[in-house]
Amino acid sequence: MSKKHMSAGETVKLNNRAFYIFYKRYPQMVLSRLISVIWNALTPYVGIYFSALVIEELAGSRDPERLKFLVLITLVTAAAIALVSALLNKWKEAHNAGLWWKVNQLLLEKLLDMDYVSRDESKTAELLSIIRQNQGGSGWGLHRVIRGYEELCSSVFTLIGGISLTVSLFVSRVPESAGAYTVLNNPLFVVLMVAVMLMITYIAPALSNKAESYWALSVNSLNFANRLYFFCENIGFNRATATDVRIYRQDKIGEKYGEDNRANTFGSKGLMARYGRGPMGLYHAAASAVSVIFTGLVYAFVCLKAWTGAFGLGAVAQYVASITKVSGGMSSMVSALGDMRNNAPFLVPIFEFLDIPNNMYQGSLTVEKRRDRKYEVEFRNVSFKYPGSDIYALRNVNMKFEIGSRLAIVGMNGSGKTTFIKLLCRLYDPTEGEILLNGIDIRKYNYAEYMMIFSIVFQDFQLFALKLGENVASQTDYDYGQVMDSLGKVGFVERLSELQDGIETYLYKDYNKNGVNISGGEAQKIAIARALYKDAPFIILDEPTAALDPIAEAEIYSKFNDVVEDRTAIFISHRLSSCKFCDEIAVFHEGAIIQQGTHASLVADENGKYYELWHAQAQYYAE
Ligand code: ADP
């Protein structure tokens with residue numbers, strides 16, 4: 001990523017696009033923030049203006065009636081401003097909770113919405129990791145855009161207010177009686193003051209930004225170091241590798257990498273430390289020095305003009321206060337622009353991620369809701385190659401699921417069983433042929449609705465370290481009776497009776513000290529209960545029992561056969577014995593269905609693959 005050579009036009013385009021995303025999704029959030037900063041930028045001038053009038057009166061004619069009036073109006077306006085500020089603040093707070101969460105939500109929605117093919121690509125994972133690193137580690141990214149616009153708005157209105165109250169400084173003339181000092185009336189002074197103001201207030205924040213830009217420059221190496229650091233720090237804490245770590249003491253690798261990383265990146269020899277001692281520190285110091293010079297010059301000009309009689313004391317107060325604010329406004333404008341510029345390159349991967357196209361056709365047909373579960377799915381001459389692969393993972397597959405039947409899909413590892421299921425639930429579209437639901441190509445249906453007809457227990461299912469009930473229902477707000485019913489059906493009742501908090505018990509101890517550890521077999525039962533809770537017309541088990549021995553697997557499968565009731569069930573396994581109870585068995589081999597029939601008919605065919613596999617595996621089963 002080139003951070004130095006992004007043009008101003010490009011910077012503006014990227015920031016505007018990000019701003020528009022926020023505005024479209026959260027208009028109240030954006031408006032409340034901007035209106036609040038504008039209000040806060042302008043209101044101080046009301047105080048400055050009235051105070052100047054009071055001082056002018058005190059230093060001049062000291063008319064008590066007018067003074068009373070001025071003080072009263074100052075108080076009333078101050079009260080009114082405070083009231084409106086409070087209301088604005090309330091409005092803002094109501095719409096501004098969780099900006100980080102909002103940004104994450106945006107990324108998550110995209111991730112869930114994109115084609116599964118893209119979701120699966122390493123480029124997607126890489127982009128997401130970069131985005132989250134930039135966001136978390138160094139604070140760059142989308143959320144920063146809103147702050148940029150806020151600061152920009154605030155500074156522009158500070159400038160407008162300040163300049164309005166300063167115009168008269170240049171217009172008020174030094175009287176002729178002041179002799180040589182009338183030179184101050186020369187319009188060149190206006191030009192000179194404005195030039196100095198522009199130059200110096202530009203230079204100071206520009207120097208600061210230059211210093212800050214070293215952060216941006218080093219972010220790639222910082223991100224990498226942070227990632228490595230996080231990984232190293234966590235080797236020993238990772239539950240999934242807890243046993244390996246003990247046996248091989250892998251934490252030592254982490255320790256060593258961590259040490260090197262700390263020394264080379266974050267320590268005194270690291271990149272940031274070198275920048276800090278060198279250019280970054282110098283730019284910061286120069287920035288502070290330059291601001292002081294400007295303020296000094298302006299004060300001298302104001303005092304000189306007042307001394308020569310161009311205006312009174314009240315005006316001096318007004319000018320000094322306004323110009324200080326104008327100077328602050330200039331700085332914050334330049335700093336806002338600089339920050340937006342520094343942040344812009346970090347928006348590039350975000351938009352690259354958000355712009356990943358959805359190439360799969362998205363239909364809009366609704367899937368009819370049927371109580372009788374009569375959903376008929378058919379594969380018609382389906383062939384499929386994974387993107388980027390030349391080899392067919394499925395070849396000319398024809399299959400019609402009989403409603404309410406039990407179908408087994410068996411075959412060796414790599415024969416295409418999982419691919420078949422991935423196509424069935426439209427994670428991918430067939431390369432050739434079509435899949436039909438009640439006679440209509442599944443592509444024509446609304447995808448979310450189509451997914452509602454499937455419950456799948458995948459091989460690598462995951463449970464959360466949250467409550468048992470939440471795991472079964474996949475939501476926090478669940479139906480107690482239905483969760484109990486699902487757990488009952490999968491034979492979890494006995495274990496459940498031992499759990500202190502019933503279905504409110506936490507699984508594992510990550511988030512609750514009373515959580516329970518569960519065995520692999522118990523986890524599988526819970527995963528199956530989750531599939532039952534969803535109550536979809538199709539239920540699929542894709543070898544979720546791979547870690548179990550063949551006999552235990554066969555037990556779970558045949559038990560499952562009882563609980564699926566009138567649903568259409570698909571059982572996948574490379575162990576033939578698990579599936580012999582099924583009405584129909586399809587044998588996959590190298591992506592094609594080479595045999596289909598009942599267990600009895602298949603095992604009788606001595607020349608078939610099924611016969612061969614059955615006898616090869618028979619030694620494992622107690623028959
Ligand atoms: P099974 O479930 O029967 O073990 P799979 O359906 O997982 O088999 O795999 C079928 C074939 O497709 C295998 O040759 C496998 O290497 C290939 N395959 C699986 N997933 C992918 C993928 N994401 N990209 C490319 N090839 C894949």
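1. The largest pocket of this predicted model holds about 1,600 Å³ of space. A pocket here is an open set of points on a 1 Å grid over the protein atoms alone, where a 1.4 Å probe fits and protein lies on both sides within 12 Å along at least five of seven lines; its volume is the space filled by probe spheres set on the points, which are joined across faces, edges and corners.

2. The lining of the largest pocket (residues with an atom within 4 Å of a point) comprises 36 residues, of which L112, Y116, L427, M451 and F458 are the closest to the centre. The largest share, five residues, comes from α19.

3. By class, this lining has 18 nonpolar, eight polar and ten charged residues, where Ala, Val, Leu, Ile, Met, Phe, Trp, Tyr, Cys and Pro count as nonpolar, Asp, Glu, Lys and Arg as charged, and the others, Gly among them, as polar.

4. The ligand is surrounded by residues that include Y386, S415 and T418, a residue being near if one of its heavy atoms lies within 4 Å. This shell divides into three nonpolar, six polar and one charged residue, and helix α14 (residues 417-424) gives the most to it, with three residues.

5. As for polar contacts (pairs of N or O atoms within 3.5 Å), an oxygen atom of the ligand is 2.8 Å from an N or O atom in the side chain of T418, and an oxygen atom of the ligand is 3.1 Å from a polar backbone atom of S415. The protein covers 60% of the 560 Å² of accessible area that the ligand has on its own, by the Shrake-Rupley method with a 1.4 Å probe.

6. The model has 21 aromatic pairs, meaning rings of Phe, Tyr and Trp (its six-membered ring) with centres within 6.5 Å; planes under 30 degrees apart count as stacked, over 60 as edge-to-face and the rest as tilted. The rings of W140 and F346 have their centres 4.9 Å apart and their planes at 10 degrees, so this pair is stacked. W140 lies in the loop between α6 (122-138) and α7 (142-171) and F346 in helix α13 (residues 313-354), 206 residues apart.

7. Residues are numbered from 1 along each chain as its sequence is written, and side-chain values use heavy atoms, with hydrogens and water left out. Local features need pLDDT of at least 70 and side-chain atom pairs count only at pLDDT 80 or more, whereas totals for chains, interfaces and linings use all residues.

Definitions and conventions
Polar contact = N/O pair within 3.5 Å; in protein donor to acceptor, adjacent residues only side chain to side chain. Helix = DSSP H or I, 4+ residues; strand = E, 2+ residues; numbered from the N terminus.
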